[in-house]
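Q: Can we go through this one together? I'd like to start with charges and rings.

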Amino acid sequence: MHKKNKHTDDYNFDQLVSVFPSIEPFVFTNANNKKTIDFANPKAVKALNAALLKSHYDVDFWEFPDHFLCPPIPGRVDYIHHISDLLERSNLTQNVTVMDIGTGANCIYPLLGTAQYDWSFIGADSNDEALKHAQNIIDKNNLKDKIKLRKQEDSAHILKGVLSQTEKVTVTMCNPPFFKNEADALKATTSKLKGLGKPTDEMVRNFAGQAHELWYKGGEKAFLHNYLYESSLLKTQSFWYTSLVSNKDNVKTINQSLKKLGATSVLTIGMNIGNKKSRIVAWTFLDEEEKQNWNKN
């Protein structure tokens, strides 16, 4: 994990119970005499993440329907820290505005980014119900001045319709849908449950998730290449564009496409969360003069 990640050690369940008592029914002592939860139980996972948000990030309210994606906090905050490093290397530490593509009902990246770095956020999503619950989280945590939401009216688009030719953001971030369809998602769930030693006859995703959150026609590769193309139409609207990339085989084609689209710099940043390896790809279309003058405009 990133050196600034607060979750490198085992969870302190006694401390989490003290700040978020709702997690207590899910905590038990395992065969190794360690307190833990059942990570195959979606309600237990959601309670854990709510407890982490309250304990470490001062997020007092984090509630949304169980059928929406419930993201693991350690991995999400790692992305935030790596973005901070990228911005620091680019001398972009003041008045940072982040566009979060697919912010979801959980609103997780804006919550973590405001808590850790006091960034401002624009959260975009195509799902009305997700936006409603994200707005409720924003309101209940008194973050209306830091986080603004926008509706993506056409789910075929990623940036078009939510980022205009007349505005600028410092950086974009995105956690793309991984799967091509529901069958792909269920296959991954089966594999995960087997790894946890759980029966696979009940297909319950331990992080839940709606169709628009989990799959996209053509999968991650198709989503990313659409994102790359749309970013090339808005070359000077964001200093950096970034995305998580789950499948390492997609990095090569991303680099090839960005070269054709005129990117001036492309970076691949490794992320390791436990046994899971992932990566962030970041790209910019700005030339050196535009970079130097960014904060002057």
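A: First, a definition: a charge sits over a ring if NZ of Lys or CZ of Arg is within 6 Å of the ring centre and within 35 degrees of the ring normal. This is a predicted model. In it, K168 lies over the face of W294, at 3.9 Å from the ring centre.

Q: And which ring does the charged end of K235 sit over?
A: The ring of F285, 5.2 Å from its centre. F285 also belongs to a cluster, joined by ring pairs to Y227, Y241 and W283.

Q: How are the rings of Y227 and W283 arranged?
A: They are edge-to-face, with 5.1 Å between centres and 70° between the planes. Y227 is in helix α8 and W283 in strand β9, 56 residues apart.

Q: Are Y227 and W283 buried or exposed?
A: Both are buried.

Q: New topic: helix α5. How far apart are its end C-alpha atoms?
A: They are 18 Å apart.

Q: Which residues of α5 are buried?
A: A130, L131, H133, A134, I137 and I138. Seen down the axis of α5, they fall within an arc of 170°, so they line one face of the helix.

Q: What is on the face turned away from the buried side of α5?
A: That face carries the exposed residues D128 and K132.

Q: Where is P65, and what does it contact?
A: P65 is in the loop between α2 and α3. Leaving aside neighbours within four places in sequence, P65 is in contact with K46, E129 and H133.

Methods:
Residues are numbered from 1 along each chain as its sequence is written. This is a predicted model: local features need pLDDT of at least 70, side-chain atom pairs count only at pLDDT 80 or more; totals for chains, interfaces and linings use all residues. Side-chain values use heavy atoms; hydrogens and water are left out. Helices (H or I, at least four residues) and strands (E, at least two) are DSSP runs, numbered from the N terminus. The expected span of a helix is 1.5 Å times one less than its number of residues. Buried means under 20% relative accessible area, exposed over 50%, partly exposed in between (1.4 Å probe, protein chains only). The arc is that of the directions from the helix axis to the C-beta atoms. Contact means heavy atoms within 4.5 Å. Rings of Phe, Tyr and Trp (its six-membered ring) pair if their centres lie within 6.5 Å; planes under 30 degrees apart count as stacked, over 60 as edge-to-face and the rest as tilted.
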